[in-house]
Amino acid sequence: MKYKAQIFLFIALAASLGVSLCAGNIDDYFLDILLNVGINVTLAVSLNLVNGHTGQFSLGHAGFMAVGAYGASIVTLQLGDHLLQIFGGGSIATALTFLIALLVGGGCAALSGWMVGMPSLRLKGDYLAIVTLGFNEIIRVVLTNTSGDGPFGGALGLKGIASYTNFFWVFGVAAVTIYVVSTMVNSTYGRGFLAVRDDEIAAEAMGVNTVRYKVIAFVLGAFFAGLAGGLYAHFRSTISPEGFNFLKSVDVVVMVILGGMGSTPGVIAAAILLTVLNEWLRDFEQYRMIVFALILIVMMIVRPQGLLPASLFQRKKKESA
Amino acid sequence: MTLTISYQLFLEQFVQQLLNGLFLGSIYALIALGYTMVYGVLRFINFAHGDVFMLGAFSGLYLNKWLAPMLTTLPWPASVALVLVLSMIICGALGIIIEFLAYRPLRDKPKLNVLITAIGVSLFIEYTCQLIFGATQQPFPVLIPKSNIAGIGGLTVTNVQVIVLVTAFALMLGLRFIVMGTRLGLAMRALSLNPTASSLMGVNNGVVISFTFGLGSALAAAGGILYASLYPSIEPFMGITPGLKAFVAAVLGGIGNIPGAALGGLIIGVVETLVAGYSQSLGVPSGYKEGVAFVILILILIFKPSGLLGKVEREKV
């Protein structure tokens with residue numbers, strides 16, 4: 001099947017629109033968890049492009065998410081009314097406004113990804129981890145120290161963001177993310193990502209522009225993290241700098257590691273599993289991070305390739321090619 | 001006339017900030033030494049190092065509590081030294097255990113796996129401590145009776161600050177002696193140069209790595225107690241920020257280079273204090289000082305990735 005991925009994307013978009021239209025019938029609590037799952041899937045799949053497929057360990061995903069969340073929220077808070085007027089009101093105007101807000105948020109995140117990536121992606125593994133962690137911290141520190149009356153809202157963050165996020169947007173974005181990441185990695189061009197991961201020196205010797213591939217992976221990952229941030233902001237309707245700290249980045253990293261670095265299906269499964277587990281274990285909140293930490297350590301010692309590694313899905317790929 | 005007065009005031013303020021920076025920087029230097037030594041022998045960043053620093057402060061708190069009947073009979077310099085040495089021993093042992101349980105099984109695995117494990121270890125220590133000690137700030141006991149040492153002009157320097165600086169430098173000199181003057185130090189340097197060759201020459205790499213971890217963790221514990229003496233309020237997450245800044249210090253000085261780490265620590269401490277001191281007079285919130293270290297890190301990695309004193313390492317295929 002030549003257009004398998006495209007068909008998948010259309011089915012996923014149509015299905016999420018269908019579910020969204022009858023979302024009123026879904027239990028509120030259940031819907032809440034579902035939306036969380038969708039946002040986390042977007043985050044995990046986009047981080048997987050950087051950490052898994054390209055093998056560049058980033059610890060700053062929450063920073064890009066923050067940029068996207070603030071970018072999108074500022075658009076809807078400051079320009080939302082103008083945009084709604086221009087588009088003439090109604091549900092289509094709302095959708096267009098939200099789309100613009102999300103894209104602005106994603107664009108800002110992509111830009112910051114480019115700014116962080118250009119200098120730091122010339123570095124090797126552990127330095128990159130620290131630089132991205134540092135970027136995450138800088139974003140948080142800057143947002144916290146902005147004026148409380150300004151557009152960024154200071155340490156308390158932003159409140160009263162219109163709750164535009166619904167099932168269609170969350171799962172639509174998740175489907176697009178999965179589509180873009182998996183088709184990109186499976187394309188001829190995208191083999192460069194895997195080459196960079198498997199052996200950077202050999203890839204460079206074969207003429208692969210490794211820095212460019214790393215920057216592209218970084219910018220794309222940041223863009224989708226920004227979209228997820230925008231969705232999150234318009235879902236919770238309040239955001240604060242503390243919500244995007246280092247631990248939020250670790251949450252996403254744990255999903256990628258548990259699922260298997262470089263395995264999109266594995267990462268999706270892990271994102272779903274961990275989000276649902278989080279809800280179940282709400283009463284044991286104080287043990288949650290201990291368990292996450294143990295997952296990281298034990299996985300690395302016992303099964304570093306993840307629960308559902310990419311090699312599980314590779315045979316199918318060869319047959320279809 | 002007014003110009004000379006404001007000039008003098010400016011100078012006084014500047015020297016005061018410089019001194020404050022040196023006191024803070026000497027602690028960063030102690031932590032940075034641990035990062036740099038571990039990087040030297042294992043070529044990886046021990047993310048959990050900042051948490052050993054925190055454990056040092058907590059062990060100081062509890063030792064002071066448990067040994068109180070004995071400590072009160074001693075003069076304060078002796079009791080400070082006792083608490084310091086005991087927590088250095090405890091944390092040194094913890095460092096060795098951490099290495100043995102979490103890092104040793106990954107000795108031949110890709111560096112990325114070790115890095116992820118280190119992040120896991122760091123989070124594990126932080127959240128376990130939160131469970132045990134509680135998340136709230138706890139006051140650190142006064143180990144050193146505080147008194148102002150009248151400086152020149154309007155400078156204020158407390159005896160605590162001086163003791164912190166002197167202890168930190170004494171420990172650094174001690175480390176220099178161990179690394180440059182003992183057989184174990186020689187083994188450490190050999191291992192850092194070439195692990196295979198050193199083991200062929202009869203160096204027991206495992207023992208040397210354990211020793212390095214113990215040494216680095218002991219220094220971090222000392223840093224923790226000194227830090228808590230300067231800022232007497234401790235909590236399970238206190239190690240993250242100083243740990244990261246100390247890491248930046250190690251990179252700034254050239255990671256793997258021991259004098260470089262000490263130099264980097266002092267520079268980071270001074271720059272951060274100066275930024276905090278002068279940003280307020282410029283109307284910028286002083287909270288931005290938390291980001292300074294990371295800006296330095298990004299700049300150093302762009303312009304001189306080998307650090308101030310480090311050697312350029314070529315990657316061989």
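Figure 1. The model is predicted, so local features need pLDDT of at least 70 and side-chain atom pairs count only at pLDDT 80 or more, whereas totals for chains, interfaces and linings use all residues; side-chain values use heavy atoms, with hydrogens and water left out. Residues are numbered from 1 along each chain as its sequence is written, while chains are lettered from A and ligands numbered from 1 in the order of writing. Ser198(B) counts as buried because its relative accessibility is 3% (buried is under 20% relative accessible area, exposed over 50%, and partly exposed in between, with a 1.4 Å probe and protein chains only). Apart from residues up to four places away in sequence, Ser198(B) touches Ala190(B), Leu191(B), Val203(B) and Asn205(B), a contact being heavy atoms within 4.5 Å.

**Figure 2. Gly25(B) in helix 1 of chain B.** Helix 1 of chain B covers residues 2-42 and includes Gly25(B). With a relative accessibility of 0%, Gly25(B) counts as buried. Once neighbours within four places in sequence are set aside, Gly25(B) is in contact with Gly265(B), Leu266(B) and Gly269(B). A separation of 238 residues in sequence lies between Gly25(B) and Leu263(B), yet their C-alpha atoms are 8.8 Å apart in space.

**Figure 3. Arg43(B) in the loop between helix 1 and helix 2 of chain B.** Arg43(B) is not a glycine, but its phi is positive, at about 60°. Its relative accessible area of 27% makes Arg43(B) partly exposed.

**Figure 4. Packing of helix 2 against helix 5 in chain B.** Helix 2 (residues 49-66) and helix 5 (residues 111-133) of chain B have axes 10 Å apart and pack at an angle of about 25°. Axes are lines fitted to C-alpha atoms, for helices over the stretch in contact, and angles between N-to-C directions run from 0 to 180 degrees. Because of this angle, helix 2 of chain B is roughly parallel to helix 5 of chain B (under 35 degrees is roughly parallel, over 145 roughly antiparallel, 65 to 115 roughly perpendicular, and the rest oblique). Their crossing is left-handed, that is, the near helix is turned anticlockwise from the far one by less than a right angle, clockwise being right-handed. Helix 2 of chain B contributes Asp51(B), Met54(B), Leu55(B), Phe58(B) and Tyr62(B), which meet Ser122(B), Ile125(B), Glu126(B), Cys129(B) and Phe133(B) of helix 5 of chain B. The residues of this contact comprise 7 nonpolar, 1 polar and 2 charged; Ala, Val, Leu, Ile, Met, Phe, Trp, Tyr, Cys and Pro count as nonpolar, Asp, Glu, Lys and Arg as charged, and the others, Gly among them, as polar.

**Figure 5. Packing of helix 10 against helix 12 in chain B.** The axes of helix 10 (residues 240-253) and helix 12 (residues 289-303) of chain B are 10 Å apart, at an angle of about 25°. Helix 10 of chain B is therefore roughly parallel to helix 12 of chain B, and the crossing of the two is left-handed. Residues of helix 10 of chain B in this contact include Leu244(B), Phe247(B) and Val248(B), and those of helix 12 of chain B include Phe294(B), Leu297(B) and Ile300(B). By class, the contact has 11 nonpolar, 1 polar and 2 charged residues.

**Figure 6. Packing of helix 1 against helix 6 in chain A.** Helix 1 (residues 4-21) and helix 6 (residues 167-186) of chain A cross at roughly 170°, and their axes come within 8 Å. Helix 1 of chain A is therefore roughly antiparallel to helix 6 of chain A. Among the contacting residues are Phe8(A), Leu9(A) and Ala12(A) of helix 1 of chain A, and Phe171(A), Gly172(A) and Ala175(A) of helix 6 of chain A. This contact holds 14 nonpolar, 5 polar and no charged residues.

**Figure 7. Ser73(A) and Ser237(A) in chain A.** Ser73(A) lies in helix 3 (residues 61-87) of chain A and counts as buried, at 0% relative accessibility. Leaving out residues up to four places away in sequence, Ser73(A) touches Leu158(A), Ile161(A), Ala233(A), His234(A) and Ile239(A). Ser237(A) is placed in the loop between helix 9 (210-236) and helix 10 (246-259) of chain A. Ser237(A) has a phi near 60°, a positive value in a residue other than glycine, and is partly exposed with a relative accessible area of 21%.

**Figure 8. Contact between chain B and chain A.** Chain B supplies 41 residues to the contact and chain A supplies 35 residues. About 3500 Å² is buried between chain B and chain A, and carbon and sulfur atoms give 83% of this area; buried area is the accessible area (1.4 Å probe) that two parts lose on being put together, summed over both. On the chain B side, Ile116(B), Leu123(B) and Tyr127(B) lose the most area to chain A, together 16% of what that side buries.

Definitions and conventions. Helix = DSSP H or I, 4+ residues; strand = E, 2+ residues; numbered from the N terminus.
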